[in-house]
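Morning, everyone. Please have a look at the structure on the screen, and then we will walk through some of its packing.

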Amino acid sequence: MSKKPRVVLLHGTPVAVEPIQRAFATRWPEAEIVDLLDASLSIDRAKDHDLTPRMFERFVELGDYAHRIGAEAILVTCSAFGPAIERMAKELPVPVLKPNEAMFREAIGRGRRIGMLATFAPSVLTMTEEFEQFVGEAGAQATLETIVVEGAMDALRKGDADRHNALIAARAPELAHCDAIMLAHFSTSRALAAVTEVVKTPVLTAPDAAVDRIRAAIAG
C-alpha cells in the first residue's frame, strides 16, 4: 500500500475546520489530514491591529511541530496572518500554503474588477496586501473591492450557519458589477449556495482551490 501524503491543517478558529475537511474529502480523499487547532490565534489577532513579534514566533513554533509530526505540506486556514505564515514558510523544508493564495490567483485571471466578501475585519488588511502582491507578480491590472459583513462571524460562532449565509448573501449584490466575487475565508465558503442564488457573477471560494494547489505542490 502506498503511503498517504500527510497534510497538516493549521486552524486559527474552529469555524474553518469543516469547510476544508469537506474540500479534501471531495477533491483529494487520498490525503492524510491532521488538524492543528489553536483558537487563541484568532482571539489574539482580533486584539492587535498589527501582527506582534510573538505571533510570528508562534507560527514558527507551530510550523516546526507540524514538520516534526511528519507534515509533507502545511495549509494555514485562517486569512489574518499572511506575514507570519511567510516567516514560517522560510523556516521549513516543506511547502506552506496561505489560505487564499490559490483563490487570489484564480480571481486575477477572471478580470480586472474583483470583489471580496469578508466576515473577519482584522484579516482584510493582510489579505489586501497579499492580493496586490499577486497582481504585481502576474502583471495584471486587477483591483479589489471588499465588503465586511457585520454580524456574520458572530452568528457562525454561535452555531447559526443559516443566518451567517443569509447576511453574506444580502451584501453580495453590491459586488454584482465585479468580474468575480471571492468569499474571503474558509468559513465563508458555507455561503456559496446562498450567494450564487442572488448574483450571476462567478463566486470563488478558498478551500477547493487550496486543496488543488497543495496537492500539486506535494506532487512537485
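Is Phe104 buried or exposed? Phe104 is buried, because its relative accessible area is 0%. Buried here means under 20% relative accessible area, exposed means over 50%, and partly exposed is in between, with a 1.4 Å probe and protein chains only.

A word on the source. This is a predicted model, where local features need pLDDT of at least 70 and side-chain atom pairs count only at pLDDT 80 or more, while totals for chains, interfaces and linings use all residues. Residues are numbered from 1 along each chain as its sequence is written, and side-chain values use heavy atoms, leaving out hydrogens and water.

Now the rings. The whole structure holds 4 aromatic pairs. Rings of Phe, Tyr and Trp (its six-membered ring) pair if their centres lie within 6.5 Å; planes under 30 degrees apart are stacked, over 60 edge-to-face, and the rest tilted. One of these pairs is Phe104 with Phe131, edge-to-face, at 5.6 Å centre to centre and 90° between the planes. Phe104 sits in helix α5 and Phe131 in helix α6 (residues 124–138), 27 residues apart, so this pair links distant parts of the chain. Helices (H or I, at least four residues) and strands (E, at least two) are DSSP runs, numbered from the N terminus. Phe131 is buried too, at 1% relative accessibility. Ring pairs also bring in Phe134, making a cluster of Phe104, Phe131 and Phe134.

Stay with α5. How many of the 8 residues of α5 are buried? The count is 6, so α5 is largely enclosed by the rest of the structure. The buried ones are Glu101, Ala102, Met103, Phe104, Ala107 and Ile108. Their cover includes β4, β5 (113–118), α6, β7 (180–183), β8 (203–205) and α10.

Asn100 counts as buried, because its relative accessibility is 0%. Leaving aside residues up to four places away in sequence, Asn100 touches Ser79, Met127, Ala184 and Ala206. Contact means heavy atoms within 4.5 Å.

On to helix pairs. Two packed helices are described by the angle between their axes and the distance between the axes. Axes are lines fitted to C-alpha atoms, for helices over the stretch in contact, and angles run from 0 to 180 degrees between N-to-C directions. Under 35 degrees is roughly parallel, over 145 roughly antiparallel, 65 to 115 roughly perpendicular, and the rest oblique.

First topic here: α5 and α10. Their axes are 7 Å apart, at an angle of about 105°. That makes α5 and α10 roughly perpendicular to each other. Glu101, Ala102, Met103, Arg105 and Glu106 of α5 meet Ala206, Ala209, Ala210 and Arg213 of α10. By class, this contact of α5 with α10 has 5 nonpolar, no polar and 4 charged residues. Ala, Val, Leu, Ile, Met, Phe, Trp, Tyr, Cys and Pro count as nonpolar, Asp, Glu, Lys and Arg as charged, and the others, Gly among them, as polar.

Next, α10 with α1. Helix α1 (residues 17–27) packs on helix α10 (residues 206–219) at about 55°, with axes 9 Å apart. So α1 is oblique to α10. Their crossing is right-handed. A crossing is left-handed if the near helix is turned anticlockwise from the far one by less than a right angle, and right-handed if clockwise. In α1, the contact residues are Pro19, Ile20, Ala23, Phe24 and Arg27; in α10 they are Pro207, Asp208, Val211, Asp212, Ile214 and Arg215. The classes in the contact of α1 with α10 are 7 nonpolar, no polar and 4 charged.

Two residues from that contact. Ile214, in helix α10, is buried, because its relative accessibility is 2%. Setting aside residues up to four places away in sequence, Ile214 touches Val7, Phe24, Trp28, Ala73, Ile74, Leu75 and Leu97. Arg27, in helix α1, is partly exposed, with a relative accessible area of 34%.
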